[in-house]
Amino acid sequence: MKYSKIIVIVALLLFQLGAAQEKADVVLKKASTEAKAGKKNVLLVFHASWCKWCKMMEKNMNLPETQPIFGSRFITAYVDVQERGEKKSLENPGGQELMNKYKGENAGLPFWLILNPEGKVLADSFNAKGENLGSPSTPEEVATFIAKLEKTSKLKKEEISIIEKVFTKK
């Protein structure tokens, strides 16, 4: 009986360790390695499970018409931050510190960056006024988002049109 309790406790501890989220710097390093190999840039998105705009951005980027556009140009990596209560375990350790490093501490979510494989910031989710675009939805936000995508990748006119149509909230 005594040994079975010890086995259960050890098993639970091992499960917890296995279920722990990857450190944010590991997520970024893996994405950078993959980006370098694929001659792409990294689209690093900071998000949280409770954030409806985060879910909207992820959905919009992964639709059948948009996923090939983003997938052919970017390695997308997600870092979970700012979780609450029992969802705190979903956070990537070091995620908030990484977000802060890129001046996102007061930006809100989602907060995103486009980095080259070496980690140099090519674009961020701030507009000209210093406001976070988050998941762009207004025509102005979407235009700014597209300009940042164009600056960091080569988009065709029809791809721009698809992104504009999908992201602009009706």
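P110 sits in the loop between helix 5 and strand 3, where helices (H or I, at least four residues) and strands (E, at least two) are DSSP runs numbered from the N terminus. A cis peptide bond, with omega about -5°, joins L109 to this P110. The model is a predicted one, in which local features need pLDDT of at least 70 and side-chain atom pairs count only at pLDDT 80 or more, while totals for chains, interfaces and linings use all residues. Residues are numbered from 1 along each chain as its sequence is written, and side-chain values use heavy atoms, with hydrogens and water left out.

**Overall make-up**

- The protein has seven helices and four strands, and from the N terminus on these elements follow the order α-α-β-α-α-β-α-β-β-α-α.
- Of its 170 residues, 41% count as buried, a term that means under 20% relative accessible area, with exposed meaning over 50% and partly exposed lying in between (1.4 Å probe, protein chains only).
- Contact means heavy atoms within 4.5 Å, and among contacts between residues at least 6 apart in sequence, 63% join residues at least 24 apart.
- The protein exposes about 10,200 Å², of which carbon and sulfur atoms supply 59%; accessible areas come from the Shrake-Rupley method with a 1.4 Å probe, and for residues only the protein chains shown count as cover.

**Nonpolar cores**

- A nonpolar core is a set of buried Ala, Val, Leu, Ile, Met, Phe, Trp, Tyr and Cys residues joined through side-chain atoms within 4.5 Å; the largest one holds 24 residues, of which L44, F46, L109 and F111 touch the most other members.
- Helix 2 (24–38), strand 1 (41–47), strand 2 (74–80), helix 5 (95–101) and strand 3 (111–115) each supply at least two residues of this core, and helix 2 gives the most, with five residues.
- Leaving aside neighbours within four places in sequence, L44 is in contact with L28, A77, V79, L98, F111, W112, L113 and L115.
- Apart from this core lies another, of 20 residues, among them V45, M61, F70 and W112.

**Strand pairing**

- Two strands pair if DSSP finds at least two bridges between them; strand 1 and strand 2 run parallel and are joined by seven bridges, with N41 standing opposite F74 in strand 2.
- Strand 2 is mostly covered, since five of its seven residues are buried.
- Strand 1 also pairs with strand 3, in the antiparallel sense and over five bridges, and here F46 stands opposite F111 in strand 3.
- Five of the five residues of strand 3 are buried, so this strand is largely enclosed by the rest of the structure; F111, L113 and L115 point one way from strand 3, whereas W112 and I114 point the other way.
- Strand 3 runs antiparallel to strand 4 (residues 121–124), to which three bridges join it, and I114 stands opposite A123 in strand 4.
- The hairpin of strand 3 and strand 4 has five residues between the strands, and in it G119 takes a positive phi near 95°.

- Counting as a disulfide any pair of cysteine sulfur atoms within 2.5 Å, the total comes to one disulfide.
- That disulfide is formed by C51 and C54, whose sulfur atoms are 2.4 Å apart, and both C51 and C54 are buried.
- The torsion about the S-S bond of C51 and C54 is about 80°, so the disulfide is right-handed.
- In helix 3 (residues 52–61), the buried residues are C54, M57, N60 and M61; seen down the axis of helix 3, these fall within an arc of 135°, so they line one face of the helix, the arc being that of the directions from the helix axis to the C-beta atoms.
- The cover over the buried residues of helix 3 includes strand 1, helix 4 (67–73), strand 2, strand 3, helix 6 (139–152) and helix 7 (157–167).

**Positive phi in loops**

- K39, in the loop between helix 2 and strand 1, has phi near 55°, a positive value in a residue other than glycine, and K39 is exposed, with a relative accessible area of 78%.
- K103, in the loop between helix 5 and strand 3, has a positive phi near 65°, again in a residue other than glycine, and K103 is exposed, with a relative accessible area of 59%.
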